[in-house]
Each structure stands twice: as structure tokens, then as C-alpha cells.
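Look at the structure first, then work through each solution step by step.

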Number of protein chains: 2
Amino acid sequence: MSTASTAPVPVSRVHHWAAEADVLVAGNGCAGASASIEAVAAGAEVLVVDAAGGWGGATAMSGGEIYLGGGTSVQKACGFEDSVDAMYAFLKLATGPDPAEDKLAVYCEGSLEHFDWLVRCGVTFVPKLWTEPSWEAPTGYGLMYTGGENAYPFAGLVPPAPRGHIVHMEDKLPGERSAGWMLIKNLTATQERAGVEVRYNTRAERLVVDGERVVGAEVVTFGERYFVRARRGVVLAAGGFAANPAMLSQHAPRLATGTFLVGTDNDDGRGIRMGQAVGAAVRHMDAGLAAFPADPALLYRSLLLNGRGHRFINEDTYPGRVGQATVFQQDRKAFLLYDETTNEEAARLAEHVVQPTWVSDDLGELEKEMGIAPGVLAGTVAVYNAGAERGEDPEWHKAAQWLRPLEPPYGVLDLREAPYGVFTIGGLHTSTRGEVLNAEGDPIPGLFAAGRTTSGIPSWGYCSGTSLGDSTFFGRRAGRAVATA
Amino acid sequence: MSTASTAPVPVSRVHHWAAEADVLVAGNGCAGASASIEAVAAGAEVLVVDAAGGWGGATAMSGGEIYLGGGTSVQKACGFEDSVDAMYAFLKLATGPDPAEDKLAVYCEGSLEHFDWLVRCGVTFVPKLWTEPSWEAPTGYGLMYTGGENAYPFAGLVPPAPRGHIVHMEDKLPGERSAGWMLIKNLTATQERAGVEVRYNTRAERLVVDGERVVGAEVVTFGERYFVRARRGVVLAAGGFAANPAMLSQHAPRLATGTFLVGTDNDDGRGIRMGQAVGAAVRHMDAGLAAFPADPALLYRSLLLNGRGHRFINEDTYPGRVGQATVFQQDRKAFLLYDETTNEEAARLAEHVVQPTWVSDDLGELEKEMGIAPGVLAGTVAVYNAGAERGEDPEWHKAAQWLRPLEPPYGVLDLREAPYGVFTIGGLHTSTRGEVLNAEGDPIPGLFAAGRTTSGIPSWGYCSGTSLGDSTFFGRRAGRAVATA
């Protein structure tokens, strides 16, 4: 992690531009790659730099889900109706508080065109729905629910449709290269065909300013520094800040402990800090995805309890939503309570089979182990079982397919020490054109940004695929805007 | 609320300094007043400007509690032992996550000296403890618990001592001038004696910069603008941003709805934005105090339930802590459940008597009214009553003095629509000397800040008195630092 200053360099101190382009893009993950492709298409000469030794960024480590809708060919082939309005209405509910309404409007409106653009870049999606609760689908499935659209409370508010479009990849194996790798492989191949120059092992460190205007950047490669002039502007697409412990503590302390990084070491927030150094505003720096640390196959079929033995969310919603609720609202205290039937089903379906921490016929004995007040667990199970007998979940409205009265012996999985995979979703405040905005909401001339360097579609709440979707969609828009700046 | 640009003015564009001083302080609440007093004492010539027509800021609207400890004369006279270590240990727990350890260390170490300084400024404290749960004490009481020190979980972790020192004020009447008014009255009188020039109806709008250094500000009074040169530096002490709906949504959306402002219309975040415009970092912009909207006398004696009918915090902790838990973790959904005895006691003690929303002998009937799943309320009461019979609260460890099995008929107060009084506690990132820091943690030359324009002692968690305490203490330090800058 680089801790070098991000204070901007006045152009008067630049005596030599060692490189020059219309557009300089910092970062070659899916946001930067998309920006570069569209900037070239709009007629600009583009130079991309990336601190890593090759393309990828956090994109290459992701599950390769892209949140798209409004009636894509994949949705239709799987038998789903969808509309721009339904997609907007859902995302407005799911990504709040303070959903990015302006960005959501153009994102949903442009989703079908964006799908086509991804396909033109070589990305393919198999039109087949994956229905088993899981973080990712196996090879051969191109669509899944990734935001709790078909669960309480959203299912009763907006007509549900699956919108997690999974980039196709042959021979996808757990723990190996992911579908996200396949996305960025296609985007960088497209970028290469378009003639974009990319310099790896090259980190953008400081912006160069001429008065209020950003006119380039200082970059560093293997300890050597040089200045790159950007005639039309700079696009910061350098990832989030989950790899920067100081920034996590400063803005999102609940993500700083009991977690592990989903991303790369270069997600050190440098892009955000470079923006701040020239007066950029930030949004929702406290926000982040926290992946719930249990296999969804087990989670959906269990009772999820907080540290006091009470349920606090429907278990069948998007597990990222469950993770956020646990980390931000329950101090990371969670237990799963289930029975033998659940255990057997989950063991058959889960990627990693885990044994319960405690097993007993006696809820009183279990609650002692869990440190829960006497009588609470019996009450929790009685309320749940009574509802399940009637085929309903009066507390949290878990869907009927997951309801079944629990029978002794019970198992409890103690997740209080289980680590959450996290990345940040707060960042620079940008317009729908990717312009970086100052504290009054005015664009900073010559400065653009995209991806997790910005606050985007996943404003606070998160759905899988909104980050790749936001990064590619608004990456493209930033590329087009900077090319004509 | 001013929406004029905060973009800094290069000194080259300043053709005339209409005023000049060693130090310019923006804001004459308790932070700015304290800074000005100490800057003068350190030999500086000081000019203070304030957007309002007179002194006061949010300080004048506050309850006048100042968080002080380590064994003040007031604590001793009331029979309490306290130590710097205990004060530090408590605040570290209560103000996190991410407590400001560096600031806490100097704050606790300097607390006795700060007490003496306040007394020298004319502030008096009556050495008498107020013990009834309430937001403020009546006239004649100078000490109270204001952070949950004597309640779970803190009481079991750190030797408790009351540290809320209440500024004495004769004839304090509810709804009239508060003890906070008395604090700022004394500080501004001290300021006047020290010969500080104060210009009211004068808002600092933009900083003036010479390269990276802040050298003054543009101010506006009745539409006329002029430049003030600050030879040593500028202190931003212009309040928080709770009066700025756009900033609230952008950073702290959970404080943006269902709330009302505790502060003045000038708490529009301008000081924070002026800092950001010159590259300052911010901390914990999501954080804020949210006052729980029920009289503490009733709250302590009731069962506090979330929207699902479960308890979620001990009712006898600091009600600001209860408010934060409800707003940030329970979507502002809260009910109070109590019985006739409680109702009578609370009616005798509360400032405003409220009637329960529903009354019934039948918990099943009540839970229907509340929209809670069948059986939950009976379970909640059974667990609580069984513990109360034994003189304990196994779920949340409310102190024995507040425990009594509830008896029918029960009353429920529906607080789901009740508004929370809020102010923000996130702001500019500053050093313990009040220097404003950039994103790398380096000071911005010539720029200082204090009070709710900064992130201070109340880093995220809050105790009454930490804001006045932090603002005056670090206001003083900023004043001394800028005077010798």
C-alpha cells in the first residue's frame, strides 16, 4: 500500500511531460477498461496505467455477476418478464438509504443497451436460471437472483425478476479463476483491439492541476516518477479502500475488524484520496458489502439468531444483505439454529460442509452454551414452529418453501468469530456522466471517476452484480464524457 | 443555508485585504470562543466572525453538560472517586467504534485543568448529584451520569463515575434559555474582556490560499464580500451539518428522515466543505446523536421493544445511546411496554406526560395492534418477568432498581413515528492540536478547526457533554496552536 502524498502538483512545477494522451485512466479493472474502450470509441487517445503487474483489479476476483434487467434476452429465455420501471423500483428500495436516484434512472434505462455492449465485448451469458441459494452459480447457468428480489420485503412490493447475469466461463472451478476474471479478460481484449495503451506496474500517485483544472498526473513505476499530461482529463478508476486499514477505521470501522479483504492490495483508496486532495466530495464512506460467513444453502434453511437469540432478518434474502445486517446492526453476533433434516440437506448442497458447534435435544442447554437468557430460545422456536405448521413465517415472512417446523435434536452453528469478506462501496461523489463533484456538487474540471473509487449504484445497500454493473456502465459514461471534455 | 461555492480563492486574486489579524476564527459557538480566548492569551491578534446576529451557535441551545472527570472538585464533593485512567477507559468503550484514542488521551489527561479554566471563565457548577433519569438536571444540580457509566455493559468493565458537569444557571426553566446558553455567555464575556473583535452577521464563505497554505478567507455580511487576511491561520469552528439536508443524505441518511435539528440553521456544514475544498479529510461523517424520543423517566422503567417485539438494549443506559441504537440498528421502530405502576411513577417524574397508544390486559391483543407475530410479546414479557422476580435481567442486565415484573393491564407507547432530535458528530479530520489534516494525515498549513466542524471525542458513540467538552477543550488547543503557527 502506497502512503506517498496525494497532494496535487501545480502545473508550474512540471518541467517535462514524459507521456501525453487525451485521456489518462488510473486503474485497469472493469471500470477503467470500460472507460478506455468508450473514450477511444469517442475519438480520444487513451493511456491506462495500473499499479498491478497485469489487468484485473478486484473484478478478476469477483463472481462475475452483472446486475442487468429490463427484459434482457437471458431473462426472456428463462421465462421472466422485467421492465425498466420494476428494476428501478427494486433498486431504489434495495440500495438505500439514500439511493442514487439519478444514477439508477440512467442505469435502468440503459441496461439493455449495456447488455448488448457487453456481448459485443465478447461476454456471453447462458440463458439458464440457477435457483439454489448460493453466492455463485456453477458453470452453465447465466441468471440468478442476487438481491433478494423474490424474498421479503421486496417480493411483495415490486414484481420480482432475477437480474444477476453471470458471465459464462467454461470449466469454472471453485477457488480457481472466477467468472469475474472472464469478464475482465474480454474487456481488456476489447481494449487491446481498440488500440489502448496500457502501462502496468505503474501507479498514478498525484494529480497535476492548472488552477482548478486537472491536467494530468504523476505516476510511478518501479520507483521512477514521471508526469503524464491528460489533454482532456483523468479518469480515476483505482478501486475502493478495503485494503487500507486507516481509511477503514476512519470511515467504516465496523468493516475493519473480523473481516477479510475481497479485492486486491491496490484497493488502498488512493484514487479517492487523490480526488479529495483536489476538493472532491465523498458519499457514504461508511458503506460496504459484508458477505455473511455461512453457506446460503444452510442459511436459508436455518433460523438466523442474533447474540440475544432473536431473529433479525429473513434468512432467504440476499446473503450480502444478511451480512450487512449482522455487521452493522448486530455487532457481528450470529448463530444458525437448525435440525438434522436441515443439516443433511445443506450438507448435500453446500460447497463446504460444516459441523454444528453444539448439538442437543434441549433448547435450554443450547441457550446456556450460547450465553442467551433462559427461555428465549424456546420462545423463538415456538413462534417459528407454530408459524411453519401453518406454512407461514409471521415474524420475517421467509418464503413457504423454506419453512418446516424444527425437530430435536437441534444443532447450533456459532458464527460470532467467523470472518466476513468485505469491500467498500463509498467513494467519490460523481455525476451520472462520471464527473467528480466538489462539496457543492459542481464538477472539478478535467476529473472523472468510476467503479469503487466512486459511490455508485450500490449507494448503501448492495446486490451482487451492482458493483460490476455500475463500474462498467458508469465507466463507459465517464470514458465518453472525458473524451469530449 | 448558504449554497455559495466554497472553492478556495488563490491569493493572487485578492487585491485588497479589508481586514487583517493573526488569527481568523469562523464561528462563535463554544469552540470558536474558546479558540479565540486562548489565541489572544498566546499573544495573537484575533478576529472572530459568525454568520448569526449574535453569539451562541448550537451551544446556546444545548443542555450545558460538559463531560469532565479524573476527580474534579464537583465529583469529590459528591463523594465520587474518579481517575484519568477510568475516564479514558470508559470513553474509549463508549465513543467507538474507532474511538479517537489520541484525542481521548490528551482530553482525559487535561480534564482537571480544563475544569479550572472553565471556572476561571466564570462558569460555575453546583456540587450536587442528580440521579433521576432525565436529559437535563433541574437548577441546583451540577453533576449527573450522561453516558451510561453506571449501566450495562460499562458498569461491569470500568469503575463508574458521573462526569456530566452541568453549568449552573439560576431560574432555569424548561423551554427557556438553557444551561448551554449560560456556558457561552461566560465564554463570550471572557472573550470580550480579552479584547477579541467579533463581527456578527458575517459568514466565512471561502478560504484564501497561497499555494498549499491557507492565508485568509472571504467573508460576507449583508451581501457584501471582503477578504480577511489571517497572518497565522484560520480556525473553522462553524458547527456541524445537521441543517444541510443534502449533506445529511450524502453521509448520514438515517439521520435525514424522522428527525428534527438540534442546532441552528447555520449548521449547514460550510466549515466542513471549506476544509474539503482545500483537500481536508473527513472522519465518520455517518455519525450523529439521535435523542430517543421518550422521557427517560418512562424509558428506564419500561421494556423497550423493536418493531418485532424484541428488546435490543438495556433501557437504563444513556438515552442518546438508546436513540443511536434505534435509529441506526432498528430503522427507528420502537415501542415502550409498561404497566400502571410504571405509568404512575413516570407521570410523576416526567416533564411531559404521555398516554399509552394502546392499553389491554391481553398481550395477544396488543401484539396485533403492534403488528407483531403471535406469541412474541408473551415470550418477551415472560422472560423479563421471570428474571425480574429473581431481581435480575438476564437479557440486557438492566440494573435491579428498575426491575419489577409487569402486571396487566399493560400499556404500549408507539414511538415508530416519533421524531428524533439530531446533530452530526462527523467532520474534518484534525490532530490533537486542532490542525486540519489531509487524506494522508498531514496538516494543511494555516488551517485549524474545532467543535462539530471536526470529528472529535464523540467519534461515533456519544455521551452528553462530550460535544461541549470536546469543542471547548480542542477549541482552546486550536487557538494556542494557531497563535504560534
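**Exercise 1.** How many salt bridges does the rule find across the interface of chain A and chain B?

*Solution.* Start with the conventions. This is a predicted model, in which local features need pLDDT of at least 70 and side-chain atom pairs count only at pLDDT 80 or more, while totals for chains, interfaces and linings use all residues. Residues are numbered from 1 along each chain as its sequence is written, chains are lettered from A and ligands numbered from 1 in the order in which they are written, and side-chain values use heavy atoms, with hydrogens and water left out.

Next, apply the rule: a salt bridge is a side-chain nitrogen of Lys or Arg within 4 Å of a carboxyl oxygen of Asp or Glu. Across the interface of chain A and chain B, the rule finds 2 salt bridges. Arg273(B) and Glu440(A) meet in a salt bridge, at 2.9 Å from N to O.

**Exercise 2.** Describe the interface of chain A and chain B by contacts, area and residue class.

*Solution.* Step one is contact (heavy atoms within 4.5 Å): 41 residues of chain A touch 41 residues of chain B in this sense. Step two is buried area, the accessible area (1.4 Å probe) that two parts lose on being put together, summed over both. Between chain A and chain B this is about 3,700 Å², and carbon and sulfur atoms give 49% of that area.

Step three is class. Ala, Val, Leu, Ile, Met, Phe, Trp, Tyr, Cys and Pro count as nonpolar, Asp, Glu, Lys and Arg as charged, and the others, Gly among them, as polar. The side of chain A that touches chain B has 17 nonpolar, 13 polar and 11 charged residues.

**Exercise 3.** Which parts of chain A does the salt bridge of Glu20(A) and Arg229(A) tie together?

*Solution.* Begin with the distance: the closest N and O atoms of Glu20(A) and Arg229(A) are 3.0 Å apart. Then place both residues, using helices (H or I, at least four residues) and strands (E, at least two) that are DSSP runs numbered from the N terminus. Glu20(A) is in strand β2 (residues 17–26) and Arg229(A) in strand β10 (residues 224–236) of chain A, so the bridge ties together parts 209 residues apart in sequence.

Last, check accessibility. Buried means under 20% relative accessible area, exposed over 50%, and partly exposed in between (1.4 Å probe, protein chains only). Glu20(A), at 33%, is partly exposed, and Arg229(A), at 32%, is partly exposed.

**Exercise 4.** Are Asp393(A) and Arg311(A) buried or exposed?

*Solution.* The two side chains form a salt bridge of 2.9 Å, N to O. Asp393(A) lies in the loop between α13 (376–389) and β17 (410–414), and Arg311(A) in the loop between β14 (303–305) and α10 (319–329), 82 residues apart. Both Asp393(A) and Arg311(A) are buried.

**Exercise 5.** What joins domain 1 and domain 2 of chain A?

*Solution.* Take the bounds, which come from an automatic or database domain assignment: domain 1 is 1–293 + 419–485 and domain 2 is 294–418. Their centres, taken over C-alpha atoms, are separated by 35 Å. In contact are 30 residues of domain 1 and 31 residues of domain 2. The count between domain 1 and domain 2 is 2 salt bridges. The area buried between them is about 2,600 Å², with 61% from carbon and sulfur atoms.
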